[in-house]
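Hello,

Here is the structure I promised to pass on. Please have it open while you read; my notes follow below.

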Amino acid sequence: MPSVTLLCHTPMPEKTVAAAARLCYSHSGAGELFDGLTDERARSYVEMLERLGHESPLEHASFTFGIEGVSRAFLAQMTRHRIASFSVQSQRYVRLEDFNFITPPSVAADEEALEEYNKAMQSCAESYSRLAAILQKNAAAKLVEQGKSPEEAEKLASKIANEDARFVLPNACETKMVVTMNVRSLHNFFRLRCCNRAQWEIRAVADEMLRLCREAAPALFANAGPACVCEGKCSEGKMTCGHPRTELIVKK
C-alpha cells in the first residue's frame, strides 16, 4: 500500500490564510494582520471564506508530502495536477536492480492472475538488467576510445545505460516522490481524487493526504473531499457511483 508522510507545511496555516483574508476585508496594514488573530478568529475567517467562495487566500498556505510505494502509473495521474511541485526518483540516475513493483488488488486477489503478473514483472526485471549491462559495456568502450580512464568510463557509462534501459520498465515499477501543493490546489485534488470513481491507488493516497491535512489544519480542510462531501451532491452526473463517501464528512 502507498505510504504518505506530511513532511512540513506553512507555519500557522490557518492564521496565515486568515491574515491574507483580513487584508482583503479591512483597513489593516501588513504589520497588523496578525494582531489579535486568535485561533478562534482565524477559524472564523476561514469559515467566512468558504461561505463567500473566496478561495485565493487559501493559496498562501502550502503542504509538502513524501509519497512512497506507488507506481509510475500513479505518477502519470499525479502530475496532471499542474499547480503543484514534484520531485521524483529518477530512473535515469538510479539503477533499479531487482526493482520493486506495485500489484493491483484485483490481481492479488486472483491466484492465476497473480502468477501471470509476477511472471511479467520477472521478465521485465531480467530484460532491464541484461539491457543495462549491454548498453553500459558499449558506452564504456566508446568513452575509453575518447580518452577516459576505464574507471571513469565505467562510472559515466552506468548513467548512460540507465537512460535507455529504463524503457522496458513497466507502469507497475515502484517510485517515490515529494509533492507540494497550496491549500486551494489541495481542495481541488481532494475533490477529484477522493471520489469513489478515482483509480484505487491515487484515491488511497488522496485519502491519507486529507487525513493528515485535517490533523494539521482542521478548519482549512473540514469541508474538503469529493463533491459529495464538499458540495453535498455528486458532480459525476450519469457516471455517479451512487454511494456518497459519508465517512469523509466532518461532524460539526
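Glu247 is exposed, at a relative accessible area of 54%. Here exposed means over 50% relative accessible area, buried means under 20%, and partly exposed lies in between (1.4 Å probe, protein chains only). Arg245, by contrast, is buried, at 8%. The side chains of these two, Arg245 and Glu247, meet in a salt bridge (3.0 Å, N to O). That term stands for a side-chain nitrogen of Lys or Arg within 4 Å of a carboxyl oxygen of Asp or Glu.

A note on the source: this is a predicted model, in which local features need pLDDT of at least 70 and side-chain atom pairs count only at pLDDT 80 or more, while totals for chains, interfaces and linings use all residues. Residues are numbered from 1 along each chain as its sequence is written, and side-chain values use heavy atoms, with hydrogens and water left out.

How many salt bridges does the structure hold? There are 13. Another one joins the side chains of Glu215 and Arg211 (2.7 Å, N to O). Both sit in helix α8; being 4 residues apart, they are separated by about one helical turn. Helices (H or I, at least four residues) and strands (E, at least two) are DSSP runs, numbered from the N terminus. Glu215 is exposed at 55%. Arg211 is partly exposed at 38%.

Arg184 and Glu59 meet through their side chains in a salt bridge (2.6 Å, N to O). Arg184 is partly exposed, with a relative accessible area of 32%. Glu59 is partly exposed too, at 40%. Glu55 joins Glu59 and Arg184 in a network of salt bridges.

Now helix α7 itself. Which of its residues are buried? In α7 (residues 183-193) they are Val183, Ser185, Leu186, Phe189, Phe190 and Arg193. They lie on the same side of α7, because they cover an arc of only 150 degrees around the axis. That arc is taken from the directions from the helix axis to the C-beta atoms. The buried residues pack against β2 (62-71), α3 (72-78), β4 (174-182), α8 (200-216) and α9 (218-221). Contact here means heavy atoms within 4.5 Å.

Finally, the start of α7. A side-chain oxygen of Asn182 comes within 3.0 Å of the backbone nitrogen of Arg184.

Best wishes

Definitions and conventions. Polar contact = N/O pair within 3.5 Å; in protein donor to acceptor, adjacent residues only side chain to side chain.
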